Amino acid sequence: MTYAENLPAWAALLVALLVLAGAGLTLIGAIGTLRFRSFFERVHAPTLGTSWGTGAIVLASMILFSVLGSRPVLHEILIGVFISITTPVTLMLLARAALYRDRSEGGSEVPPDHLADTPDGR
């Protein structure tokens, strides 16, 4: 049994737009993964799509269940907080690991290590 018939039209439209926006942003991030050439370019697009796409879908879920339950539903905020914290941290860890690997292999497209140029290494 669904409760879709109990959802007001304004809420259904808003939820549908937010879900479509979230799915579209996630799709753009996935296309960016395929389109870019280097790892450093590829890792950036999905993180933006994941963060903003998840935010829109979480907001849609909060609106839907708040309207249907006739009380504020806020526990989805935790999902958004966890995604907002873990996605950039994962991006930085992956990028640093790839940069370290490329520098140790002597990659030609790797930016120079500015710390290695100083006499004391700081």
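**Entry 1: what covers helix 4**

I looked up what lies over the buried residues of helix 4, and the cover includes helix 2 and helix 3. Buried stands for under 20% relative accessible area, exposed for over 50%, and partly exposed for what falls in between, with a 1.4 Å probe and protein chains only. I noted the buried residues of helix 4 as E76, G80, T87, A95, A98 and D102. A helix here is a DSSP run of H or I with at least four residues, a strand is a run of E with at least two, and both are numbered from the N terminus.

I wrote down that this is a predicted model, in which local features need pLDDT of at least 70 and side-chain atom pairs count only at pLDDT 80 or more, while totals for chains, interfaces and linings use all residues. Residues are numbered from 1 along each chain as its sequence is written, and side-chain values use heavy atoms, with hydrogens and water left out.

**Entry 2: T87**

I then turned to T87, which sits in helix 4, residues 76-105. Is T87 buried or exposed? T87 counts as buried because its relative accessible area is 11%. Setting aside neighbours within four places in sequence, I found T87 in contact with T47, T50 and S51, where contact means heavy atoms within 4.5 Å.

**Entry 3: V89 and the nonpolar patch**

V89 also belongs to helix 4, but its relative accessible area is 39%, so I put V89 down as partly exposed. V89 is one of the residues of a nonpolar surface patch, made of L74, I77, L78, V81, F82, I85, V89, M92 and L93, with about 860 Å² of accessible area together. Such areas come from the Shrake-Rupley method with a 1.4 Å probe, and for residues only the protein chains shown count as cover. A patch takes residues with over 30% relative accessible area and no salt bridge, joining like charges within 9 Å and nonpolar side chains (Val, Leu, Ile, Met, Phe, Trp, Tyr) within 5 Å. I kept one general point beside this entry: an α-helix has 3.6 residues a turn, so residues three or four places apart point the same way.

The salt bridge joins the side chains of D102 and R101, at 3.2 Å from N to O. D102 is buried because its relative accessibility is 16%, whereas R101, at 41%, is partly exposed. After helix 4 comes G106, and I noted that its phi is positive, near 80°.

**Entry 4: helix 3**

I asked what covers the buried residues of helix 3, and the answer includes helix 1, helix 2 and helix 4. Among the buried residues of helix 3 are T47, G53, A56, V58 and I63. L59 lies in helix 3, residues 44-69, and at 39% relative accessibility L59 is partly exposed. The C-alpha atoms of L59 and L18 are 7.3 Å apart, although 41 residues separate them along the chain. Helix 3 is followed by S70, whose phi is positive, near 50°.

**Entry 5: helix 1**

For helix 1, I listed A11, V15, L18, G22, G29 and G32 as buried, and their cover includes helix 3. A21 is in helix 1, and with a relative accessible area of 38% A21 is partly exposed. Between the C-alpha atoms of A21 and G55, 34 residues apart along the chain, the separation is 9.8 Å.

**Entry 6: checking spans**

The 30 residues of helix 4 should span 44 Å, and its end C-alpha atoms lie 43 Å apart, which agrees.

**Entry 7: the whole chain**

The protein chain has four helices and zero strands. Buried residues make up 22% of its 122 residues. I noted a mean pLDDT of 82, with 85% of residues reaching 70 or more; pLDDT is the predictor's confidence in each residue, from 0 to 100. Confidence is lowest in helix 2 (residues 39-42), at a mean of 78, and highest in helix 1 (residues 9-35), at 90.

Conventions:
Salt bridge = Lys/Arg side-chain N within 4 Å of Asp/Glu carboxyl O. Expected span 1.5 Å × (residues − 1).
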